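Me: I'd like to learn how to read a protein model feature by feature. Could you walk me through one?

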Amino acid sequence: MHILFAGGGTAGHINPALAIAGFIKERHPDAKISYIGTAKKLEAKLVPERGYDFYTIDVAGFQRRISLKNIGRNIVAVKKMFVSASDSKKLLKKLNPDIVIGTGGYVSGPVLRAAQKLGFKTAIHEQNAFPGVTTKMLAKNAGAVMLAMPEAEKYLDLSKKPIITGNPVRGELLNISRKKAREILNLDDRPLILSFGGSLGARPINEAVTGLIKKFNGTAKFYQIHATGKVGNEAMLSALSDIELAPEIEIREYIDNMDVCMAAADLVICRAGAITLSELQACGKPSILIPSPYVAENHQYHNAMTLKKAGCAEVIEEKNLSCESLISVVEDLLESEDRLELMALSAKNNAILDANERIYDVIMNLLT
């Protein structure tokens, strides 16, 4: 059995592929796993680390904002589109996989398109509530379309019903209790707010959280662990240098024990990437979501609204984010334990905890 994955650019497209690949290898140790990505993006590091065969094509995404610089970039992208189509066909003929699975990102487009034209079996896994361009273009001719969020279906032209699978969630997040996590962090019964903006950080979130910390520092009303991200660490520490941080407040550059911190948290403040939201639901955590407006087709906003409609999150768009707006929402939530409990219950009830099994079943059915 030879399974070929295509997808990349960001962890949100790569990690689902790696999770699915790992799940398959556990059940079929002799299965061959290959991956096509780009040489300069994150997949070039993560995939070989897992021991999978990694192949590259040279492809670029199109810039949607009109500027002289972006026009030049799009001309280059068009040229690469034709080259990557040819290279994808050559790789597919060489590798001859039993199935090609696309997990999103512009790199998966030429690979899946070529696979469909050559008659290979194909499947697509879409992580977001608002599907990416590749999914929209190729879903109709895929052997199976798997959706993490049912809301995505209305944006797709499909020849058959999609399968709702959810997003794969890291097992370590599910294997620790809130009680145990709080013992590890040495916390008492006061609420814990966990906040972060991604590995690089998000300046607007750091600035708003700075205001939140200054407002409540020394009040001992709650604990807070905040990750600034690599880019924002120095700026945030400088912004807080005029106060002495209380022992309840912890500022980190990166959270390297997310399983413990997430399990211990009572409220999470973060972006609205698809995998993060699936993890919030799996862990049953109320959240304040601040979707990034800088991602393709504003898909994080659609992701965030899915959780808001389900009653497990509040949403603050970045254009409305300020110290005051964040403080207001945090105060409202922390003053209502019943509301937090309902949000937590809603998150848990909407979680899909067997995504790996569902995706595996879809793939095996296509291969029979």
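Reply: Let's go through the sheet, the aromatic rings, the salt bridges and the cysteines in turn.

Me: Fine, but what are the ground rules?

Reply: This is a predicted model, so local features need pLDDT of at least 70 and side-chain atom pairs count only at pLDDT 80 or more, while totals for chains, interfaces and linings use all residues. Residues are numbered from 1 along each chain as its sequence is written, and side-chain values use heavy atoms, with hydrogens and water left out.

Me: In what order do the strands of the open sheet run, and is the pairing parallel or antiparallel?

Reply: Two strands pair if DSSP finds at least two bridges between them. Here 7 strands make an open sheet, ordered β3-β2-β1-β4-β5-β6-β7, and the pairing is parallel. At the edges stand β3 and β7 (163–164), each with a single partner strand, so one side of each has no neighbour in the sheet.

Me: How many bridges hold β1 and β4 together?

Reply: Strand β1 (residues 2–6) pairs with strand β4 (residues 99–102) in the parallel sense over 4 bridges.

Me: Which way do the residues of β4 point, and are they buried or exposed?

Reply: For accessibility, buried means under 20% relative accessible area, exposed over 50%, and partly exposed in between (1.4 Å probe, protein chains only). Ile 99 and Ile 101 point one way from β4, Val 100 and Gly 102 point the other way, and all are buried.

Me: Now the rings. How do I describe a pair of them?

Reply: A pair of aromatic rings is described by the distance of the centres and the angle of the planes. The cut-offs: rings of Phe, Tyr and Trp (its six-membered ring) pair if their centres lie within 6.5 Å, and planes under 30 degrees apart count as stacked, over 60 as edge-to-face and the rest as tilted. This structure holds 4 aromatic pairs. In one of them, Phe 23 and Tyr 360 have ring centres 5.7 Å apart and planes at 70°, so the pair is edge-to-face. It links distant parts of the chain, with Phe 23 in helix α1 (residues 11–27) and Tyr 360 in helix α14 (residues 355–367), 337 residues apart. Phe 23 counts as buried at 9% relative accessibility, and Tyr 360 counts as buried at 15%.

Me: Which residue lies over the face of Phe 23?

Reply: A charge sits over a ring if NZ of Lys or CZ of Arg is within 6 Å of the ring centre and within 35 degrees of the ring normal. Arg 27 does this for Phe 23, at 3.4 Å from the ring centre.

Me: How many salt bridges does the count come to?

Reply: A salt bridge is a side-chain nitrogen of Lys or Arg within 4 Å of a carboxyl oxygen of Asp or Glu. By this rule there are 19 salt bridges. Among them, Lys 32 pairs with Asp 53, with the closest N and O atoms 2.5 Å apart. That pair links distant parts of the chain: Lys 32 is in strand β2 (residues 32–37) and Asp 53 in strand β3 (residues 53–56), 21 residues apart. Lys 32 is partly exposed at 35% relative accessibility, and Asp 53 is partly exposed at 31%.

Me: Which helix holds Lys 214, the partner of Asp 242?

Reply: Asp 242 and Lys 214 meet in a salt bridge at 3.4 Å, N to O. Lys 214 is in helix α7 (residues 203–216), while Asp 242 is in the loop between α8 (233–239) and β10 (249–252). Asp 242 is exposed at 56% relative accessible area, whereas Lys 214 is partly exposed at 36%.

Me: And how many disulfides are there?

Reply: A disulfide is a pair of cysteine sulfur atoms within 2.5 Å. The structure holds 0 disulfides. For Cys 283, the nearest cysteine sulfur is that of Cys 270, 11 Å away. Cys 283 is buried, with a relative accessible area of 15%.

Me: Why is Cys 323 too far for a bond?

Reply: Because its sulfur is 18 Å from the closest cysteine sulfur, in Cys 270. Cys 323 is partly exposed, with a relative accessible area of 27%.

Definitions and conventions:
Helices (H or I, at least four residues) and strands (E, at least two) are DSSP runs, numbered from the N terminus.
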